[in-house]
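Here is a friendly briefing to read alongside the coordinates. Please open the model in your viewer and follow the points in turn.

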Amino acid sequence: MVMEEESRTPRSPEAKLGKEVEDLWDVQESQLSPTEKLNACFESIPVSEFPHAPPSQVIEIKSDASLSEAVRLLSQNKILSAPVVNVDAPEDASWIDRYLGMVEFAGIVVWTLHQSEKNDTLDEPNLFSSALEDSMGPAVVAAATGMSSPRYRSSQPGSPKTAGNFFELLTSSDLYKNTKVKDISGSFRWAPFLALQTSNSFLTMLLLLSKYRMKSVPVVDPGEQKIDNIITQSAVIHMLEECADLQWFKSWGSKQLCELGLPLMNANQVIKVNEDEPVLQAFRLMRQKGIGGLPVVSDGNKPVANISIRDIQFLLIAPEIYKDYRYLEENQKSSPLVSGMITCRKNETLEEVISKLDSKEIHRIYVVDEEGNLEGVITLRDIISRIVHEPRGYFGDFFDGVLPLPANSRV
């Protein structure tokens with residue numbers, strides 16, 4: 001009897017939450033589709049029941065911290081972004097007035113790269129090059145704009161070569177060391193502080209992470225007027241992995257990717273870079289296309305590495321890794337870009353894919369054919385879009401009061 005009772009006890013907080021979904025699933029009306037059932041289940045569960053993130057992930061950055069301090073905190077705690085607390089706010093300020101926004105690795109880098117812009121009439125690529133040349137010189141322009149790749153140099157014999165110390169110069173500059181986080185508000189994509197309250201639903205959180213492309217979702221305790229939890233994409237993937245043996249999960253997790261219409265994006269639509277291109281080219285593409293990561297390919301269309309927004313931290317905390325600005329160097333085995341890449345086939349199940357994503361704590365997997373050629377990409381957002389949907393008029397006035405991005409946003 002004791003053993004039977006123990007077997008029914010969820011093995012983790014995530015599995016416990018999954019069991020709650022299972023109980024709700026069992027009482028849904030039979031005529032509902034699996035997606036409609038899950039929508040109803042997730043709408044019935046408050047986001048306060050989602051397992052709490054480790055304390056190291058629920059951090060705040062003060063508005064008077066320097067950019068270098070902000071990068072150190074983000075890197076030390078292995079997170080991509082953090083809410084910025086207004087140090088000038090009164091003690092009794094509401095949470096809306098307490099938090100200025102979200103500061104991100106990518107925003108810090110892009111702001112720093114653009115700090116020397118002088119001429120607003122130039123087009124974006126020329127403006128980017130002009131700003132860099134003003135502050136760092138022509139060698140850096142070559143690295144940043146893609147002119148350092150062997151492919152470019154072979155077609156332009158007289159082009160400059162990289163100096164190999166771009167990011168060292170960047171991170172040692174007084175601008176980087178002395179500029180305060182609050183000073184860059186409005187000069188880059190200062191992400192608004194869009195938070196959930198503990199009473200909001202699990203469905204709302206999933207839709208924000210998928211359709212509305214949030215990287216993480218802060219949850220605020222309205223009583224304390226402070227952040228109670230931060231839900232990340234990795235945490236959601238881990239929850240799904242912990243629910244693999246439950247019926248509601250098996251209803252779609254046991255299906256092959258091709259049965260679910262995945263990947264949504266085929267090889268011709270995937271934004272990618274070649275292995276002989278500079279690292280900055282990848283980040284420029286991510287910024288221009290509004291994506292969080294892309295594959296590095298060789299031999300035409302074979303993915304050999306993955307580079308994502310999270311990798312931008314290495315440009316700031318370990319710039320020596322990219323001395324020549326390219327992805328695959330002599331010590332490529334230790335490269336974080338190579339180690340963070342995984343692939344799958346179209347005939348694998350969604351459960352297998354989620355297991356792979358969870359094991360690496362990443363949000364993106366590349367679909368390849370039998371020869372290893374790129375066929376598409378699948379992200380957590382794609383997965384969520386297959387299990388829930390946004391009901392008509394669901395968010396109502398939820399986004400009212402959230403300031404739009406500044407006109408000169410660059411990320």
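In this predicted model, N77 touches S56 and I59, leaving aside residues up to four places away in sequence. N77 is found in the loop that runs between α4 (67-76) and β2 (81-85). Its relative accessible area is 14%, below the 20% cut-off, so N77 counts as buried.

- T349 belongs to the loop between β11 (343-344) and α18 (350-360).
- Is T349 buried or exposed? With a relative accessibility of 17%, against a cut-off of 20%, T349 is classed as buried.
- Not counting residues up to four places away in sequence, the contacts of T349 are G253, S254, K255, Q256 and L257.

**The chain as a whole**
- The protein chain has 19 helices and 13 strands.
- It consists of 411 residues, and 49% of them count as buried.
- Taking contacts between residues at least 6 apart in sequence, 65% join residues at least 24 apart.

- Which residues of α3 are buried? They are K37, L38, N39, C41 and F42.
- The cover over these buried residues of α3 includes α2, α12, α14 (247-253) and α19 (380-387).
- K37 also takes part in a charge-ring arrangement: its charged end sits over the ring of W25, 4.9 Å from the ring centre.

**Aromatic pairs and a cluster**
- Searching the whole structure gives 10 aromatic pairs.
- One of them is F42 with F202, a stacked pair with 4.9 Å centre to centre and 25° between the planes.
- This pair links distant parts of the chain, since F42 lies in helix α3 (residues 34-43) and F202 in helix α12 (residues 202-209), 160 residues apart.
- F42 and F202 are both buried.
- The two rings also belong to one aromatic cluster, made up of F42, F50, F202, W248, F249 and W252.

**Packing of α2 against α13**
- As a reminder, two packed helices are described by the angle between their axes and the distance between the axes.
- Helix α2 (residues 13-26) packs with helix α13 (residues 233-242) at an angle of about 65°, and their axes are 8 Å apart.
- Because angles from 65 to 115 degrees count as roughly perpendicular, α2 is placed in that class relative to α13.
- The contact involves E14, A15 and L17 on the α2 side, and H238, M239 and E242 on the α13 side.
- The crossing of α2 past α13 is right-handed.

**Packing of α12 against α13**
- Helix α13 also packs with α12, at an angle of about 120° and with the axes 11 Å apart.
- From α12, F202, M205, L206 and L209 meet Q233, V236 and M239 of α13.

Definitions and conventions
Residues are numbered from 1 along each chain as its sequence is written. This is a predicted model: local features need pLDDT of at least 70, side-chain atom pairs count only at pLDDT 80 or more; totals for chains, interfaces and linings use all residues. Side-chain values use heavy atoms; hydrogens and water are left out. Rings of Phe, Tyr and Trp (its six-membered ring) pair if their centres lie within 6.5 Å; planes under 30 degrees apart count as stacked, over 60 as edge-to-face and the rest as tilted. Helices (H or I, at least four residues) and strands (E, at least two) are DSSP runs, numbered from the N terminus. Buried means under 20% relative accessible area, exposed over 50%, partly exposed in between (1.4 Å probe, protein chains only). A charge sits over a ring if NZ of Lys or CZ of Arg is within 6 Å of the ring centre and within 35 degrees of the ring normal. Contact means heavy atoms within 4.5 Å. Axes are lines fitted to C-alpha atoms, for helices over the stretch in contact, and angles run from 0 to 180 degrees between N-to-C directions. Angles under 35 degrees count as roughly parallel, over 145 as roughly antiparallel, 65 to 115 as roughly perpendicular and the rest as oblique. A crossing is left-handed if the near helix is turned anticlockwise from the far one by less than a right angle, and right-handed if clockwise.
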